[in-house]
Amino acid sequence: MKMITMMVMLAAFAMAAPISAEAPEDDAAPADTTPAAPATIEEIASGVCAGCHNADGNSVIPMNPILAGQHAEYITKQLMDFKATGDEPPKRNSPVMSAMVATLSQEDMKALGAYYAKQKATPSSIAADEKLVEAGKVLYHGGNLGDEIPACASCHGPTGAGIPPHYPAIAGQHAEYTMMQLELFNKAERGGDDNNVMQKVLTRMNPLEKRAVSAYISTMR
């Protein structure tokens, strides 16, 4: 009799065990399904953009542009040019920037443009060769009539403030970044150039002239 009673108790325990094991899950608090709040523009600037441009847009890396104080419309256009649309590739080829803007909406890009436009620019502080700067100053303000090179000031203004939305502010920009962009325009490797204006100008400039203009621009205040 005792043996039968023991077997009945063991069978009952075995049937109850799975239920007991599942009980804690039934009592667990439901997972929080509240969607996270979208990142603010300040959070995007300090998180996504800061690594290359600093949170306020004052890049200290010579090959990355200073964005602070740039025209909002110009920044927005460049961000849009880096983003692929449907089956169309980006107008500007940069795997790094294309990855950065992939998740940004057009509203985000406009807000980023407005954000950086309001920041106070800190001009490049990298020393430039004085002779290059002087030669660049002549080209920037007067061009080179013999080679049909127009003055840079005709589009970017005598102080380098630019003319929005097509012509960016360039005063104080890092010489290394400017030189890199001039080379890309010269080789037709940078898109988004309205009417190929920059490409046409750069094909008439020699390497020394490009370096000189880039050096002068970095000293403009």
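**Close-up 1. His 53 sits in helix 2.** Keep in mind that this is a predicted model. Skip the neighbours within four places in sequence, and His 53 is in contact with Asn 58, Ser 59, Asn 64, Pro 65, Leu 67 and Met 97.

**Close-up 2. Cys 49 is also part of helix 2, which covers residues 41-53.** With a relative accessibility of 14%, Cys 49 counts as buried too. Which residues does Cys 49 contact once its neighbours within four places in sequence are left aside? They are Ile 44, Asn 54, Leu 112 and Tyr 116.

**Close-up 3. Cys 49, Cys 52, His 53 and Met 97 are listed together as "binding site" in an unreviewed UniProt entry.** These residues span 49 residues in sequence, yet no two of their C-alpha atoms are more than 11.7 Å apart, so they gather at one spot. One of the links you can look for here is the contact between His 53 and Met 97.

**Close-up 4. Now for helix 8, which runs through residues 175-186.** Which residues of helix 8 are buried? Look for Tyr 177, Thr 178, Met 179, Gln 181, Leu 182 and Phe 185. The buried residues of this helix pack against helix 9 (197-202) and helix 10 (207-219). Just past helix 8, Ala 188 has a positive phi of about 60°.

Conventions
Residues are numbered from 1 along each chain as its sequence is written. This is a predicted model: local features need pLDDT of at least 70, side-chain atom pairs count only at pLDDT 80 or more; totals for chains, interfaces and linings use all residues. Side-chain values use heavy atoms; hydrogens and water are left out. UniProt positions are given in the numbering used here, feature names are shortened, and annotations may be inferred rather than shown by experiment. Helices (H or I, at least four residues) and strands (E, at least two) are DSSP runs, numbered from the N terminus. Buried means under 20% relative accessible area, exposed over 50%, partly exposed in between (1.4 Å probe, protein chains only). Contact means heavy atoms within 4.5 Å. The expected span of a helix is 1.5 Å times one less than its number of residues.
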